Amino acid sequence: MSDQRERDAELEPMDGPSEPPEGEIVDAEVTEVREGEEGGKRSPGKSPLSLALVLALVGILALLGFGYNYWSSLQGSLQEMNRAIAQAEDARSALQQRLELTRKAYQEQAEAIALQKETLASQDEKLASERARLEQQSREMSDSLASVYDRVGRESTAWMASEAEYLMRVANHRLRLERDVETAIKALQAADGRLRDSGDPGWSDVRQTLAGEIASLQSVARVDRTGLSSRLAAMVGQINKLKIIGTEPAPRQESAADEPEEGGDRTLKTMLQDGWEGFKSVMVIRHHGKPVSAMLPPEQQFFVYQNLRLQLEAARMSMLRGDRILYIASLETAEQWLGDLFDTESQVARAMLGEIEQLKGIDISPALPDISASLMELRARLKSSGGDA
């Protein structure tokens, strides 16, 4: 019986719940279960473990986010680096192309220089042969001249000295009579060239004197005769704009008394006043501060203009010839006629008077040096050598 109960007790948990038998074992089991439940509710280790797990999860998520951001920035840096590498590669390619072009240009230039060197070398050879030929010709000419000089003797030197004497006489003539400084300088220079070409050192003193005379002529002040001639010609062209004194009546000034009275009869007083005003309009008195001269008829006014024009033309011709006395006299006469016969209050007359005053102050014939010393020395040496110098 007891065995049967024990078997039933073993099979009871599998079959389902059944009422527990009365005893202390059942109460003890129930008590243990309750204590376990209460212990599970009051366990202090479960809450910190959950917090640590949450913190660990948050840290993992933050670490993952930081890693993603770093990976993204790393990807951007890699892309930027790839672009920079591509640009550098393009620049390197362009530089390589330029270097290739430079190398080709350098090679072409080197070839051109080599060709020029070859050309210059051939030209140098030609020039050397030409120089040798010219030197040979020069030696032959020198020998020929030496032989001619030996045959002719000192006659050639005398011939060159005669040419130099003629040129010196031309220079003195042009300077003294024509005051032509430029021609005199050129003639003396040509004479010095003849003495130099003669090859005779005995002409050194004459050539030294010639050099001093040429220097003295070059220091003479140059007269701008072309400019002076143009200024005088311009004054001649302004003569027709001048006004002769007394040839233009003064304009009649209208006054209130000249107007007839409206609405009234003419009396003896008004008639006398009109007659006086008419007489004053005919008789005009002008104060010039100069002697009164008779009014010239129109046919004689032409001669006044023409005479003034002739005086200015005479001054122009005297200037070209270098005749200072006649130049100053003609300008002074023209100045006097302008002041006596023409209206000097006009702008044209004042301008012409100022121009004449300036022209009078210009020295048209500066002092000229004496250039006869070289000619006398040349003649003295030719005379002392009997004409064979």
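1. Start with the helix pair: the axes of α6 (residues 204-218) and α12 (residues 373-384) come within 9 Å and cross at roughly 170 degrees. That makes α6 roughly antiparallel to α12 (the label applies to angles over 145 degrees). Axes here are lines fitted to C-alpha atoms, over the stretch in contact, with angles from 0 to 180 degrees between N-to-C directions. Helices are DSSP runs (H or I, at least four residues), numbered from the N terminus.

2. Keep in mind that this is a predicted model: local features need pLDDT of at least 70, side-chain atom pairs count only at pLDDT 80 or more, and totals for chains, interfaces and linings use all residues. Residues are numbered from 1 along each chain as its sequence is written, and side-chain values use heavy atoms, leaving out hydrogens and water.

3. Who touches whom? On α6 the contact uses D205, V206, T209, L210 and E213, and on α12 A373, S374, E377 and L378 (contact means heavy atoms within 4.5 Å).

4. Now α5 (residues 181-197): at 1.5 Å a residue its 17 residues should span 24 Å, and the end C-alpha atoms are 25 Å apart, which agrees (the expected span is 1.5 Å times one less than the number of residues). Its buried residues include V181, A184, I185, L188 and D192 (buried is under 20% relative accessible area, 1.4 Å probe, protein chains only). After α5 comes G199, with a positive phi near 75 degrees.

5. On packing, the largest nonpolar core has 24 residues, with L242, Y327 and F342 making the most contacts inside it. Such a core is a set of buried Ala, Val, Leu, Ile, Met, Phe, Trp, Tyr and Cys residues joined through side-chain atoms within 4.5 Å. α9 gives the most to this core, with six residues.

Conventions:
Buried means under 20% relative accessible area, exposed over 50%, partly exposed in between (1.4 Å probe, protein chains only). Helices (H or I, at least four residues) and strands (E, at least two) are DSSP runs, numbered from the N terminus. Angles under 35 degrees count as roughly parallel, over 145 as roughly antiparallel, 65 to 115 as roughly perpendicular and the rest as oblique.
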